[in-house]
Amino acid sequence: MTQAAAMPDRSSQPDIRRWRKRSRAVRTLRWALPAAAGVLVLMLGAQVVWNAFARETPSLEKASTVVRMTNPRFFGRDEKGRPFRISAKSAARDDNDINVIRLEQPDVSLAMNGPSETRATARTGIYRESDRTLRLQGDVKFSDAGGYRFAAEEANVDTRAGRVVGQGPVRGEGPGTQLNANGYTVEDKGDRVIFRGRVRARLNQD
């Protein structure tokens, strides 16, 4: 080998340096491009998760907000087509069960505006839309078109059947009649009242 063959050509050294520089750049791009793509994928994934969380947050806040109504009125008809009305001083839908509406000072009218209209009032009430029942609690009072009045501490009203059932003590009075019992059922919108348990009645004769 001659001295000229052993030594690289001085005119080719710039080309070698450029070739090495391009080689380093190519090697750098080979791992930098996939890494950048991975970072973009991670950023897009994070954005999707964040947007989903941002959409869920208001709904959770909304679910925890109590929906309250002032002077609400519910109208409907029973199985025989007779109208009824449930009104109250205020109403609030239960947070845990959307079928439950809690009423303050409810006022119920069965067979509304009819000859046998029966009304009931109480301090509080719980109305279940799923089965259309109303539970009255505290100072429950009934009155019917015949002049009879009853007082109890609780009552369950089935607005579909037009039936009222109470398991606690009841006191009643009407034209010439006074009575006490431990349970009662009002059927056919007040046309028939059944008393149960230690019934005591006093009939006054004129």
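**Salt bridges, surface patches and buried strand residues**

Arg93 is partly exposed, with a relative accessible area of 29%; here buried means under 20% relative accessible area, exposed over 50%, and partly exposed in between (1.4 Å probe, protein chains only). The structure is a predicted model, in which local features need pLDDT of at least 70 and side-chain atom pairs count only at pLDDT 80 or more, while totals for chains, interfaces and linings use all residues. Residues are numbered from 1 along each chain as its sequence is written, and side-chain values use heavy atoms, with hydrogens and water left out.

Arg93 forms a salt bridge with Glu129, the closest N and O atoms being 3.0 Å apart. A salt bridge is taken as a side-chain nitrogen of Lys or Arg within 4 Å of a carboxyl oxygen of Asp or Glu. This pair links distant parts of the chain, with Glu129 in the loop between S8 and S9 and Arg93 in strand S4 (residues 90–93), 36 residues apart. Helices (H or I, at least four residues) and strands (E, at least two) are DSSP runs, numbered from the N terminus. Glu129 is itself partly exposed, at 33% relative accessible area.

A second bridge joins the side chains of Arg128 and Asp97 (4.0 Å, N to O). Arg128 lies in strand S8 and Asp97 in the loop between S4 and strand S5 (100–104), so the pair ties together parts that are 31 residues apart in sequence. Both partners are partly exposed, Arg128 at 37% and Asp97 at 30%. The side chains of Arg160 and Asp158 also meet in a salt bridge (3.9 Å, N to O); Arg160 is partly exposed at 33%, whereas Asp158 counts as buried at 18%. Arg85, Asp107 and Arg119 are linked in a network of salt bridges, and the count comes to nine salt bridges.

Turning to the chain as a whole, there are two helices and 16 strands. Of the 206 residues, 29% count as buried. The accessible surface comes to about 14,200 Å², of which 54% belongs to carbon and sulfur atoms; these areas come from the Shrake-Rupley method with a 1.4 Å probe, and for residues only the protein chains shown count as cover.

Ser87, in strand S3 (residues 83–87), counts as buried at 9% relative accessibility. Leaving aside neighbours within four places in sequence, Ser87 is in contact (heavy atoms within 4.5 Å) with Pro72, Arg73, Gln105, Pro106 and Asp107. The C-alpha atoms of Ser87 and Arg73 are separated by 4.3 Å, although these residues are 14 apart along the chain. Thr177, in strand S13 (residues 177–181), is likewise buried, with a relative accessible area of 15%. With neighbours within four places again set aside, Thr177 touches Tyr148, Gly172, Arg202 and Leu203 under the contact criterion.

Backbone angles also deserve a look. Most residues other than glycine have a negative phi. Asn71, however, has a positive phi near 50° and sits in the loop between strand S1 (68–70) and strand S2 (73–77). Arg132 likewise has a positive phi, of about 55°, and is found in the loop between strand S8 (124–128) and strand S9 (133–144). Asn71 is partly exposed at 49% relative accessible area, and Arg132 is partly exposed at 27%.
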